[in-house]
Amino acid sequence: MLSLSVATLPVFAQQAGTPVETNAPNAPDQQPAFGGQTRAPQPAEVAEIKTEVVAEGLPHLWAMEFLPDGRMLVTAKQGAMHIIGTDGKPGPEIANVPEVLANGQGGLLDVALAPDYETSGKIFFSFAEPREEGNGTSVATARLVADDQGGGALEDVSVIFRQMPSYDGDKHFGSRLVFGPEGELYVTVGERSDAEPRVQAQDLQSGFGKIFRISQTGEALPGNPFAGEDGALPEIWSLGHRNLQSAALDGQGRLWTVEHGPKGGDELNLPEAGKNYGWPEVTYGVEYSGAEVGDGVTQMTNTEQPVYYWDPVIAPSGMAYYDADAIPEWKGAFLVGGLVSQGVVVLHMENDRVSHEERVALDARIRDVKVGPDGAVYAVTEQRGGGNSTIVKLTKG
(Lines give C-alpha, C1' and ligand atoms only; values in the text may rest on other atoms or scores of the structure.)
Protein backbone atom coordinates (compact mmCIF):
# COMPACT_ATOMS: atom_id res chain seq x y z
CA MET A 1 0.00 0.00 0.00
CA LEU A 2 0.88 3.65 -0.26
CA SER A 3 3.39 5.03 2.21
CA LEU A 4 5.23 8.32 2.38
CA SER A 5 5.78 9.85 5.78
CA VAL A 6 4.26 9.57 9.21
CA ALA A 7 2.74 12.76 10.52
CA THR A 8 1.30 13.02 13.99
CA LEU A 9 -1.93 14.90 13.50
CA PRO A 10 -4.21 15.76 16.40
CA VAL A 11 -7.22 13.61 17.14
CA PHE A 12 -10.10 15.54 18.66
CA ALA A 13 -10.30 15.12 22.44
CA GLN A 14 -13.66 13.54 23.19
CA GLN A 15 -15.69 12.85 26.31
CA ALA A 16 -18.11 9.92 26.32
CA GLY A 17 -21.78 10.75 26.68
CA THR A 18 -21.55 14.41 25.67
CA PRO A 19 -22.02 15.77 22.14
CA VAL A 20 -18.85 16.41 20.19
CA GLU A 21 -20.34 19.72 18.99
CA THR A 22 -20.09 22.40 21.67
CA ASN A 23 -20.58 25.59 19.64
CA ALA A 24 -23.85 27.49 19.80
CA PRO A 25 -26.41 26.63 17.10
CA ASN A 26 -27.17 29.11 14.33
CA ALA A 27 -30.90 28.50 14.77
CA PRO A 28 -31.31 28.21 18.57
CA ASP A 29 -35.11 28.33 18.45
CA GLN A 30 -35.41 25.31 16.19
CA GLN A 31 -36.07 21.99 17.88
CA PRO A 32 -35.36 18.51 16.52
CA ALA A 33 -38.31 16.39 15.51
CA PHE A 34 -37.14 13.45 17.63
CA GLY A 35 -34.48 12.62 20.18
CA GLY A 36 -31.01 12.09 18.81
CA GLN A 37 -31.71 13.89 15.53
CA THR A 38 -28.81 16.24 16.26
CA ARG A 39 -25.87 16.41 18.68
CA ALA A 40 -25.73 12.69 19.40
CA PRO A 41 -23.45 11.70 22.28
CA GLN A 42 -19.91 10.52 21.78
CA PRO A 43 -19.29 6.77 22.16
CA ALA A 44 -18.03 5.33 25.39
CA GLU A 45 -15.06 3.76 23.62
CA VAL A 46 -13.16 5.75 21.04
CA ALA A 47 -10.44 4.19 18.91
CA GLU A 48 -7.04 5.80 19.12
CA ILE A 49 -6.26 6.81 15.57
CA LYS A 50 -2.85 7.44 14.07
CA THR A 51 -2.41 9.33 10.81
CA GLU A 52 0.11 9.09 8.02
CA VAL A 53 0.49 11.31 4.98
CA VAL A 54 0.79 8.92 2.04
CA ALA A 55 0.73 11.45 -0.80
CA GLU A 56 1.41 15.18 -0.83
CA GLY A 57 2.06 18.04 -3.21
CA LEU A 58 -0.92 16.94 -5.30
CA PRO A 59 -3.11 19.30 -7.33
CA HIS A 60 -6.39 20.45 -5.80
CA LEU A 61 -8.24 17.12 -5.70
CA TRP A 62 -11.96 16.46 -5.58
CA ALA A 63 -12.29 12.67 -5.48
CA MET A 64 -10.36 9.41 -5.31
CA GLU A 65 -11.03 5.76 -6.03
CA PHE A 66 -8.89 2.70 -5.41
CA LEU A 67 -7.84 0.67 -8.45
CA PRO A 68 -7.67 -3.13 -8.07
CA ASP A 69 -3.86 -3.05 -7.82
CA GLY A 70 -3.93 -0.65 -4.85
CA ARG A 71 -3.09 2.50 -6.77
CA MET A 72 -5.47 5.45 -6.60
CA LEU A 73 -7.31 7.18 -9.40
CA VAL A 74 -7.94 10.83 -8.50
CA THR A 75 -9.74 13.78 -10.04
CA ALA A 76 -8.38 17.31 -9.80
CA LYS A 77 -10.86 20.16 -9.71
CA GLN A 78 -9.23 22.05 -12.57
CA GLY A 79 -9.91 19.14 -14.93
CA ALA A 80 -7.03 16.66 -14.67
CA MET A 81 -7.15 13.00 -13.75
CA HIS A 82 -4.12 11.16 -12.34
CA ILE A 83 -3.11 7.74 -11.08
CA ILE A 84 -1.28 7.91 -7.75
CA GLY A 85 1.41 5.24 -7.60
CA THR A 86 2.15 3.07 -4.59
CA ASP A 87 5.04 5.45 -3.89
CA GLY A 88 2.56 8.31 -3.38
CA LYS A 89 3.61 10.09 -6.57
CA PRO A 90 1.08 11.17 -9.21
CA GLY A 91 1.61 9.98 -12.75
CA PRO A 92 1.20 12.22 -15.81
CA GLU A 93 -2.23 13.63 -16.59
CA ILE A 94 -4.61 11.10 -18.09
CA ALA A 95 -5.31 12.14 -21.67
CA ASN A 96 -8.72 12.85 -23.22
CA VAL A 97 -10.55 14.16 -20.16
CA PRO A 98 -13.41 16.35 -21.47
CA GLU A 99 -13.37 20.11 -20.97
CA VAL A 100 -14.70 21.12 -17.57
CA LEU A 101 -15.97 24.39 -16.11
CA ALA A 102 -13.64 24.96 -13.16
CA ASN A 103 -15.08 28.31 -12.04
CA GLY A 104 -16.48 28.68 -8.53
CA GLN A 105 -17.56 25.29 -7.21
CA GLY A 106 -17.38 23.69 -10.64
CA GLY A 107 -14.73 21.34 -11.94
CA LEU A 108 -13.96 17.69 -12.47
CA LEU A 109 -15.92 16.06 -9.68
CA ASP A 110 -16.49 12.44 -8.67
CA VAL A 111 -15.10 9.24 -10.17
CA ALA A 112 -16.26 5.64 -9.75
CA LEU A 113 -15.13 2.33 -11.21
CA ALA A 114 -17.70 0.35 -13.13
CA PRO A 115 -18.84 -2.77 -11.25
CA ASP A 116 -17.11 -4.87 -13.93
CA TYR A 117 -14.02 -2.64 -14.09
CA GLU A 118 -11.54 -5.51 -13.84
CA THR A 119 -12.76 -6.86 -17.18
CA SER A 120 -14.14 -3.74 -18.89
CA GLY A 121 -11.72 -1.05 -17.68
CA LYS A 122 -14.67 1.35 -17.60
CA ILE A 123 -14.93 4.31 -15.26
CA PHE A 124 -17.67 6.86 -14.66
CA PHE A 125 -17.06 10.47 -13.69
CA SER A 126 -19.10 13.61 -13.08
CA PHE A 127 -18.09 17.14 -13.99
CA ALA A 128 -19.35 20.67 -14.40
CA GLU A 129 -19.89 20.79 -18.14
CA PRO A 130 -19.70 24.10 -20.08
CA ARG A 131 -22.65 24.45 -22.45
CA GLU A 132 -23.82 27.09 -24.89
CA GLU A 133 -26.75 28.03 -22.65
CA GLY A 134 -24.78 27.87 -19.38
CA ASN A 135 -23.49 24.78 -17.61
CA GLY A 136 -24.55 21.84 -15.51
CA THR A 137 -23.49 18.60 -13.89
CA SER A 138 -22.90 15.81 -16.41
CA VAL A 139 -21.86 12.18 -16.14
CA ALA A 140 -19.47 10.53 -18.59
CA THR A 141 -18.06 7.06 -19.04
CA ALA A 142 -14.80 5.93 -20.62
CA ARG A 143 -12.27 3.12 -20.64
CA LEU A 144 -9.18 3.87 -18.59
CA VAL A 145 -6.14 2.62 -20.47
CA ALA A 146 -3.02 2.93 -18.32
CA ASP A 147 0.50 3.13 -19.74
CA ASP A 148 3.94 2.16 -18.48
CA GLN A 149 4.75 5.73 -17.37
CA GLY A 150 2.09 5.84 -14.66
CA GLY A 151 -0.33 7.77 -16.85
CA GLY A 152 -2.63 6.72 -19.64
CA ALA A 153 -5.67 7.86 -21.56
CA LEU A 154 -9.43 7.74 -21.56
CA GLU A 155 -10.84 5.96 -24.59
CA ASP A 156 -14.41 5.79 -25.90
CA VAL A 157 -15.41 8.83 -23.83
CA SER A 158 -19.16 9.38 -23.84
CA VAL A 159 -21.40 11.74 -21.87
CA ILE A 160 -24.31 9.54 -20.81
CA PHE A 161 -26.34 11.93 -18.65
CA ARG A 162 -26.83 15.67 -18.27
CA GLN A 163 -28.55 17.50 -15.43
CA MET A 164 -31.05 19.79 -17.12
CA PRO A 165 -31.85 22.60 -17.52
CA SER A 166 -28.50 24.31 -18.00
CA TYR A 167 -27.88 27.34 -15.82
CA ASP A 168 -25.28 30.11 -16.01
CA GLY A 169 -24.03 29.84 -12.41
CA ASP A 170 -20.97 28.54 -10.59
CA LYS A 171 -22.37 26.91 -7.44
CA HIS A 172 -23.98 23.71 -6.16
CA PHE A 173 -23.10 21.15 -8.82
CA GLY A 174 -23.06 18.23 -6.33
CA SER A 175 -21.98 15.50 -7.13
CA ARG A 176 -21.35 11.87 -6.15
CA LEU A 177 -21.69 8.66 -8.13
CA VAL A 178 -22.66 5.42 -6.36
CA PHE A 179 -23.41 2.04 -7.91
CA GLY A 180 -26.19 0.09 -6.29
CA PRO A 181 -26.17 -3.69 -5.72
CA GLU A 182 -27.79 -4.39 -9.11
CA GLY A 183 -25.41 -2.15 -11.06
CA GLU A 184 -27.78 0.82 -11.03
CA LEU A 185 -26.09 4.22 -10.88
CA TYR A 186 -27.17 6.88 -8.40
CA VAL A 187 -26.20 10.42 -9.35
CA THR A 188 -26.47 13.22 -6.79
CA VAL A 189 -26.57 16.87 -7.83
CA GLY A 190 -27.21 20.33 -6.39
CA GLU A 191 -29.95 22.90 -6.95
CA ARG A 192 -27.57 25.60 -8.23
CA SER A 193 -27.85 27.76 -5.08
CA ASP A 194 -29.37 30.98 -6.38
CA ALA A 195 -32.85 32.05 -5.26
CA GLU A 196 -34.60 31.41 -8.58
CA PRO A 197 -33.19 28.02 -9.56
CA ARG A 198 -33.14 26.53 -6.08
CA VAL A 199 -36.95 26.41 -5.91
CA GLN A 200 -36.78 23.91 -8.77
CA ALA A 201 -35.63 21.32 -6.23
CA GLN A 202 -39.41 20.87 -5.78
CA ASP A 203 -40.12 20.68 -9.53
CA LEU A 204 -40.29 17.22 -11.12
CA GLN A 205 -39.70 18.77 -14.55
CA SER A 206 -36.30 20.09 -13.41
CA GLY A 207 -33.09 18.24 -12.64
CA PHE A 208 -32.08 20.67 -9.88
CA GLY A 209 -31.83 19.35 -6.31
CA LYS A 210 -32.43 15.69 -7.14
CA ILE A 211 -31.01 12.21 -6.86
CA PHE A 212 -31.20 10.29 -10.13
CA ARG A 213 -31.24 6.52 -10.67
CA ILE A 214 -30.05 5.53 -14.11
CA SER A 215 -28.58 2.66 -16.08
CA GLN A 216 -24.92 2.50 -16.98
CA THR A 217 -25.85 3.91 -20.39
CA GLY A 218 -27.75 6.83 -18.88
CA GLU A 219 -31.39 5.79 -19.20
CA ALA A 220 -34.04 5.99 -16.52
CA LEU A 221 -34.45 2.60 -14.86
CA PRO A 222 -37.73 0.68 -14.71
CA GLY A 223 -39.33 1.17 -11.33
CA ASN A 224 -38.22 4.76 -10.89
CA PRO A 225 -41.00 6.49 -8.95
CA PHE A 226 -41.95 9.19 -11.48
CA ALA A 227 -41.30 7.31 -14.71
CA GLY A 228 -44.97 7.24 -15.65
CA GLU A 229 -45.89 10.74 -14.49
CA ASP A 230 -46.64 13.24 -17.24
CA GLY A 231 -43.93 15.91 -17.49
CA ALA A 232 -41.74 14.46 -14.73
CA LEU A 233 -38.13 13.53 -15.44
CA PRO A 234 -38.12 9.72 -15.39
CA GLU A 235 -34.57 9.55 -14.00
CA ILE A 236 -35.55 11.13 -10.66
CA TRP A 237 -35.27 8.95 -7.56
CA SER A 238 -35.90 11.61 -4.87
CA LEU A 239 -36.36 15.37 -4.71
CA GLY A 240 -36.08 18.38 -2.42
CA HIS A 241 -32.31 18.26 -1.95
CA ARG A 242 -29.91 21.20 -1.65
CA ASN A 243 -26.33 20.26 -2.55
CA LEU A 244 -25.41 16.59 -2.34
CA GLN A 245 -21.68 15.92 -2.07
CA SER A 246 -21.70 12.79 0.14
CA ALA A 247 -23.16 9.41 -0.75
CA ALA A 248 -22.46 5.76 0.09
CA LEU A 249 -24.15 2.38 0.30
CA ASP A 250 -24.61 0.75 3.70
CA GLY A 251 -24.10 -2.93 4.49
CA GLN A 252 -27.60 -3.69 3.16
CA GLY A 253 -26.92 -2.02 -0.20
CA ARG A 254 -29.06 1.04 0.59
CA LEU A 255 -28.05 4.53 -0.49
CA TRP A 256 -27.35 7.10 2.23
CA THR A 257 -26.45 10.73 1.60
CA VAL A 258 -25.27 13.81 3.44
CA GLU A 259 -26.06 17.16 1.87
CA HIS A 260 -24.89 20.69 2.41
CA GLY A 261 -27.72 22.57 4.04
CA PRO A 262 -27.96 26.29 4.73
CA LYS A 263 -26.23 27.76 7.79
CA GLY A 264 -27.02 25.14 10.43
CA GLY A 265 -28.80 22.67 8.16
CA ASP A 266 -26.48 19.91 6.91
CA GLU A 267 -28.41 16.64 6.93
CA LEU A 268 -28.02 12.88 6.73
CA ASN A 269 -30.73 11.06 4.78
CA LEU A 270 -31.67 7.58 3.66
CA PRO A 271 -33.28 8.63 0.36
CA GLU A 272 -36.27 6.55 -0.66
CA ALA A 273 -38.00 6.33 -4.01
CA GLY A 274 -40.33 9.25 -4.67
CA LYS A 275 -39.80 10.91 -1.31
CA ASN A 276 -39.50 14.70 -0.90
CA TYR A 277 -36.74 15.95 1.41
CA GLY A 278 -38.11 19.45 1.67
CA TRP A 279 -35.59 21.96 0.33
CA PRO A 280 -36.10 24.90 0.12
CA GLU A 281 -39.55 24.87 1.72
CA VAL A 282 -38.60 22.78 4.76
CA THR A 283 -35.17 22.82 6.37
CA TYR A 284 -33.22 23.21 9.55
CA GLY A 285 -30.86 26.17 9.74
CA VAL A 286 -31.01 29.70 8.38
CA GLU A 287 -29.78 31.68 5.39
CA TYR A 288 -26.13 32.76 5.46
CA SER A 289 -27.45 36.23 6.25
CA GLY A 290 -29.12 34.86 9.40
CA ALA A 291 -32.62 35.32 7.97
CA GLU A 292 -35.14 32.48 7.93
CA VAL A 293 -35.18 30.18 4.94
CA GLY A 294 -38.61 30.79 3.44
CA ASP A 295 -41.11 30.65 6.29
CA GLY A 296 -38.63 29.06 8.69
CA VAL A 297 -40.48 25.73 8.57
CA THR A 298 -38.65 22.63 9.85
CA GLN A 299 -41.52 20.11 9.52
CA MET A 300 -44.26 19.72 6.91
CA THR A 301 -46.65 16.97 5.85
CA ASN A 302 -45.43 14.96 2.83
CA THR A 303 -41.79 15.86 3.38
CA GLU A 304 -39.20 13.68 5.07
CA GLN A 305 -37.28 14.53 8.19
CA PRO A 306 -33.51 14.08 8.01
CA VAL A 307 -32.17 11.12 9.94
CA TYR A 308 -29.69 13.57 11.49
CA TYR A 309 -28.67 17.22 11.08
CA TRP A 310 -25.83 19.48 12.13
CA ASP A 311 -26.11 23.00 13.52
CA PRO A 312 -23.44 24.40 13.16
CA VAL A 313 -22.59 22.64 9.93
CA ILE A 314 -19.74 20.27 9.16
CA ALA A 315 -19.89 21.11 5.40
CA PRO A 316 -19.92 17.49 4.20
CA SER A 317 -18.03 16.13 1.20
CA GLY A 318 -17.10 12.53 0.60
CA MET A 319 -18.53 9.57 2.49
CA ALA A 320 -17.79 5.91 3.10
CA TYR A 321 -19.38 3.04 4.99
CA TYR A 322 -16.91 1.21 7.18
CA ASP A 323 -17.29 -2.54 6.91
CA ALA A 324 -13.64 -3.56 7.39
CA ASP A 325 -11.90 -5.01 10.43
CA ALA A 326 -8.79 -2.86 10.84
CA ILE A 327 -10.63 -0.35 13.06
CA PRO A 328 -13.25 -2.54 14.78
CA GLU A 329 -14.71 0.37 16.77
CA TRP A 330 -15.91 1.87 13.47
CA LYS A 331 -17.56 -1.27 12.12
CA GLY A 332 -20.94 -0.32 10.64
CA ALA A 333 -20.29 3.44 10.90
CA PHE A 334 -20.49 6.10 8.22
CA LEU A 335 -17.39 8.22 7.72
CA VAL A 336 -18.05 11.71 6.38
CA GLY A 337 -15.49 14.26 5.28
CA GLY A 338 -15.92 17.67 6.87
CA LEU A 339 -14.79 20.80 5.06
CA VAL A 340 -15.65 23.25 7.85
CA SER A 341 -15.18 20.75 10.68
CA GLN A 342 -11.79 19.86 9.13
CA GLY A 343 -11.68 16.17 9.78
CA VAL A 344 -13.57 12.90 9.50
CA VAL A 345 -16.97 12.68 11.16
CA VAL A 346 -17.78 9.17 12.40
CA LEU A 347 -21.49 8.32 12.63
CA HIS A 348 -22.27 5.16 14.61
CA MET A 349 -25.66 3.78 13.57
CA GLU A 350 -28.36 1.83 15.37
CA ASN A 351 -31.78 1.05 13.86
CA ASP A 352 -31.16 3.58 11.08
CA ARG A 353 -30.50 6.37 13.58
CA VAL A 354 -27.27 8.00 14.67
CA SER A 355 -26.52 6.56 18.09
CA HIS A 356 -23.16 8.29 18.54
CA GLU A 357 -21.01 10.85 16.74
CA GLU A 358 -17.27 11.26 17.01
CA ARG A 359 -14.75 13.29 15.06
CA VAL A 360 -11.14 12.80 14.04
CA ALA A 361 -9.57 16.22 13.58
CA LEU A 362 -7.12 16.49 10.71
CA ASP A 363 -6.71 20.29 10.65
CA ALA A 364 -7.59 20.32 6.96
CA ARG A 365 -10.69 20.49 4.78
CA ILE A 366 -11.65 16.93 3.82
CA ARG A 367 -13.00 16.56 0.30
CA ASP A 368 -13.28 12.76 0.02
CA VAL A 369 -13.11 9.66 2.22
CA LYS A 370 -12.52 6.07 1.11
CA VAL A 371 -11.88 2.74 2.84
CA GLY A 372 -8.80 1.09 1.35
CA PRO A 373 -8.35 -2.59 0.56
CA ASP A 374 -6.20 -2.80 3.70
CA GLY A 375 -9.08 -1.62 5.88
CA ALA A 376 -7.45 1.74 6.56
CA VAL A 377 -9.35 4.98 5.92
CA TYR A 378 -7.99 7.45 3.40
CA ALA A 379 -8.94 11.13 3.51
CA VAL A 380 -8.34 13.63 0.71
CA THR A 381 -7.53 17.13 1.93
CA GLU A 382 -7.92 20.43 0.12
CA GLN A 383 -7.25 24.10 0.67
CA ARG A 384 -10.01 26.64 0.19
CA GLY A 385 -9.51 28.52 -3.06
CA GLY A 386 -7.09 25.95 -4.49
CA GLY A 387 -3.59 24.96 -3.46
CA ASN A 388 -2.25 21.48 -2.98
CA SER A 389 -4.02 18.40 -1.67
CA THR A 390 -2.70 15.53 0.41
CA ILE A 391 -3.98 12.03 1.06
CA VAL A 392 -3.93 10.99 4.71
CA LYS A 393 -4.16 7.39 5.91
CA LEU A 394 -5.99 6.69 9.18
CA THR A 395 -5.27 3.49 11.09
CA LYS A 396 -5.81 2.26 14.60
CA GLY A 397 -3.04 3.48 16.90
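Leaving aside neighbours within four places in sequence, K77 is in contact (heavy atoms within 4.5 Å) with H60, V100, A102, G104, Q105, G106, G107 and L108. This lysine lies in the loop between β4 (72–76) and β5 (81–84), where strands (E, at least two residues) are DSSP runs numbered from the N terminus. The model is a predicted one, in which local features need pLDDT of at least 70 and side-chain atom pairs count only at pLDDT 80 or more, while totals for chains, interfaces and linings use all residues. Residues are numbered from 1 along each chain as its sequence is written, and side-chain values use heavy atoms, with hydrogens and water left out.

K77 is buried yet has no salt bridge; buried here means under 20% relative accessible area, with exposed over 50% and partly exposed in between (1.4 Å probe, protein chains only). A salt bridge would require a side-chain nitrogen of Lys or Arg within 4 Å of a carboxyl oxygen of Asp or Glu. The nearest side chain of opposite charge, that of E382, is 8.0 Å away (Lys and Arg count as positive, Asp and Glu as negative; His and the chain ends are not counted). What the side chain of K77 does reach is the backbone oxygen of G104, at 2.9 Å, and a polar atom of this side chain lies 3.1 Å from the backbone oxygen of A102.

Turning to the sheet, 4 strands form an open, antiparallel arrangement in the order β10-β11-β12-β13, two strands being paired if DSSP finds at least two bridges between them. The edges are β10 (177–179) and β13 (236–239), each of which pairs on one side only. Within this sheet, β11 (residues 185–188) and β12 (residues 210–214) run antiparallel and are joined by 4 bridges. L185 has I214 as its bridge partner in β12.

The loop between β12 and β13 holds N224, which is buried with a relative accessible area of 5%. The side chain of N224 reaches the backbone oxygen of P234 at 3.0 Å. Not counting residues up to four places away in sequence, N224 touches R213, P234, E235, I236 and W237.

L255, in strand β15 (residues 255–260), is likewise buried, with a relative accessible area of 5%. Beyond four places in sequence, L255 touches V178, Y186, I211, A247, A248, L249, L270 and P271. The C-alpha atoms of L255 and E272 are separated by 8.5 Å, the two residues being 17 apart along the chain.

Definitions and conventions
Polar contact = N/O pair within 3.5 Å; in protein donor to acceptor, adjacent residues only side chain to side chain.
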